[in-house]
Amino acid sequence: MSALAFGAVAWADPPAAAPSSDLDKVQGYWKPLQCDYEGKAMMPTDIMKQVTVVFDKDQYHLYFKDSKLDKDGKPIIFRLALASIQLDPSTTPKSITFEFAEGPLKGKKSHGIYELAGNQLKMCYCTTDKPKPTKFESPANSGHFLETWARQVK
């Protein structure tokens, strides 16, 4: 009987590996909790509900789900931005770099800092023509975006 039990255990799927890097940890869907630019809210709460960020490998996709439906009754979803990202967890605070391939920032780079805490991701960044943020704040005239995202569980 014990041999049968051992055989069943040997054929079971191995447990999923825990994310090993910060890039692994950010993978998936995120919803905004806070989106500020130079200390002011970028959008009202009801609009933030229509925004989703997806991290897919080293790609950052920013989507907006319109409140209108298409002719087939399906939601209209716009990709507002596509960027490649690089994370550097060896810096203090940790660093993030964006290189935009689509959207209004196409061809531009941004740099900043990030922090992962459980199911929340905080980022503060700006275009590379401005000094990289060193704190999670977006004072007036700084060009800094300050965002907090919560992991969306499907």
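Trainee: What percentage of the 154 residues in the chain do buried residues make up?

Mentor: Buried residues make up 31% of the 154 residues, where buried means under 20% relative accessible area, exposed means over 50% and partly exposed lies in between, with a 1.4 Å probe and protein chains only. Keep in mind that this is a predicted model, in which local features need pLDDT of at least 70 and side-chain atom pairs count only at pLDDT 80 or more, while totals for chains, interfaces and linings use all residues. Residues are numbered from 1 along each chain as its sequence is written, and side-chain values use heavy atoms, with hydrogens and water left out.

Trainee: How many helices and strands are in the chain?

Mentor: The chain has three helices and nine strands; these are DSSP runs numbered from the N terminus, helices being H or I of at least four residues and strands E of at least two.

Trainee: Why is Thr52 called buried?

Mentor: Its relative accessible area is 13%, and the limit for buried is under 20%, so Thr52 is buried. Thr52 has its place in strand E3, a strand spanning residues 51-56 that is mostly covered, with five of its six residues buried.

Trainee: What makes the approach of Thr52 to Lys31 a polar contact?

Mentor: The two side chains make this contact at 3.0 Å, and a polar contact is a pair of N or O atoms within 3.5 Å, where within protein one must be able to donate a hydrogen and the other to accept it, and residues adjacent in sequence count only if both atoms are side-chain atoms. Leaving out residues up to four places away in sequence, Thr52 also touches others, among them Tyr29, Trp30, His61 and Gln152, contact meaning heavy atoms within 4.5 Å.

Trainee: How do you know that E3 and E4 pair, and in which sense?

Mentor: Two strands pair if DSSP finds at least two bridges between them, and E3 and E4 are joined over six bridges in the antiparallel sense. Val54 stands opposite His61 in E4, and the two strands form a hairpin with two residues between them, where Lys57 in the turn has a positive phi of about 60°. Strand E1 (residues 28-37) also runs antiparallel to E3, with three bridges joining them, and Gly28 has Phe55 of E3 as its bridge partner.

Trainee: How many aromatic pairs does the count come to?

Mentor: The count comes to six aromatic pairs, a pair being rings of Phe, Tyr or Trp (its six-membered ring) with centres within 6.5 Å, and planes under 30 degrees apart counting as stacked, over 60 as edge-to-face and the rest as tilted.

Trainee: Why is the pair of Tyr60 and Phe98 called edge-to-face?

Mentor: The ring centres of Tyr60 and Phe98 are 5.1 Å apart and the planes stand at 75°, so the pair is edge-to-face. Tyr60 is in strand E4 (residues 59-69) and Phe98 in strand E6 (residues 94-102), so that distant parts of the chain, 38 residues apart, are linked. Both Tyr60 and Phe98 are buried.

Trainee: What makes the pair of Phe98 and Tyr125 tilted?

Mentor: Its planes are 50° apart, with 4.9 Å from centre to centre, and the pair ties together parts 27 residues apart in sequence because Phe98 lies in strand E6 and Tyr125 in strand E8 (residues 120-127). Both Phe98 and Tyr125 are buried.
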